[in-house]
Amino acid sequence: MILLLIPAIDSWFEARNIKLLPCPLGEDMKTVHASLTLLTTAEGGRHLPIMSVRDFSCPVFFEDVPALAKHGYDCRLLAGRLRSEIYLGETVQDIQIAFLSPDDVLPHIRSGTRFYLWEGRRIGVGEVTSVNG
């Protein structure tokens, strides 16, 4: 498992008797690999790229999967593993995506499943290339 701690933050939690739990995004997590294109600002997307310094969180929607079409599902783009930013208009061929509710999502998606990312508006589109769950 991965546990990220910053000393100043760590001591803040300790002073308040708050226990930090390990981040669940370890090597054994259930993920998918996908190709992802971020929309440009002109297309209605974000104003800034997705930075690689940490993972990026947002809802993902699957319009063409009836069992998942009613609402979005929280996901983490594991951008920190890319080691480079994802710029507006850029397509990333192999990004890992983890879901906060993998048991609800993974049984319904396959390679070729299309999706979009949401951040108050559609900010990116993608396609699942493999499922590791």
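Phe61, Tyr116 and Trp118 form one aromatic cluster. The model is predicted, so local features are given only at pLDDT of at least 70, side-chain atom pairs count only at pLDDT 80 or more, and totals for chains, interfaces and linings use all residues. Numbering starts from 1 along each chain as its sequence is written, and side-chain values use heavy atoms, with hydrogens and water left out.

**Aromatic rings**

- A pair of aromatic rings is described by the distance of the centres and the angle of the planes.
- Rings of Phe, Tyr and Trp (its six-membered ring) pair if their centres lie within 6.5 Å; planes under 30 degrees apart count as stacked, over 60 as edge-to-face and the rest as tilted.
- By this rule the protein has five aromatic pairs.
- One of them joins Phe61 and Tyr116: the ring centres are 5.1 Å apart and the planes are at 10°, so the pair is stacked.
- Phe61 belongs to strand 2 and Tyr116 to strand 5, so the pair ties together parts that are 55 residues apart in sequence.
- Phe61 and Tyr116 are both buried (buried means under 20% relative accessible area, exposed over 50%, partly exposed in between, with a 1.4 Å probe and protein chains only).
- The charged end of Arg122 sits over the ring of Tyr116, 3.6 Å from the ring centre (the rule asks for NZ of Lys or CZ of Arg within 6 Å of the ring centre and within 35 degrees of the ring normal).

**Elements and strand pairing**

- The protein has two helices and six strands (DSSP runs numbered from the N terminus: helices are H or I with at least four residues, strands are E with at least two).
- From the N terminus on, their order is α-β-β-β-β-α-β-β.
- Strand 2 (residues 56–61) pairs with strand 5 (residues 114–118) in the antiparallel sense over two bridges (two strands pair if DSSP finds at least two bridges between them).
- Val60 has Leu117 in strand 5 as its bridge partner.
- Strand 5 also runs antiparallel to strand 6 (residues 122–132), joined by five bridges.
- Here Arg114 has Glu127 in strand 6 as its bridge partner.
- Three residues lie between strand 5 and strand 6 in their hairpin, where Gly120 takes a positive phi near 80°.
- Strand 1 and strand 4 run antiparallel, with six bridges; His33 stands opposite Gln96 in strand 4.
- Strand 3 pairs with strand 4 over three bridges, again antiparallel; Arg76 stands opposite Ala98 in strand 4.

**Core and contacts**

- The largest nonpolar core has 27 residues (such a core is a set of buried Ala, Val, Leu, Ile, Met, Phe, Trp, Tyr and Cys residues joined through side-chain atoms within 4.5 Å).
- Phe62, Phe99, Ile109, Phe115 and Leu117 have the most contacts inside this core.
- Strand 1 (31–38), strand 2, strand 3 (73–77), strand 4 (91–99), strand 5 and strand 6 each give two or more residues to this core.
- Beyond its neighbours within four places in sequence, Phe99 is in contact with residues including Val32, Val60, Phe62 and Ile109 (contact means heavy atoms within 4.5 Å).
- Of the 133 residues in the protein, 35% are buried.

**Confidence**

- The average pLDDT is 85, and 80% of the residues score at least 70 (pLDDT is the predictor's confidence in each residue, from 0 to 100).
- Among the elements, strand 5 has the highest mean pLDDT (97) and helix 1 (residues 7–15) the lowest (58).
- Over residues 1–7 the pLDDT is below 50.
- Where pLDDT is low, the predicted coordinates should not be read in detail.
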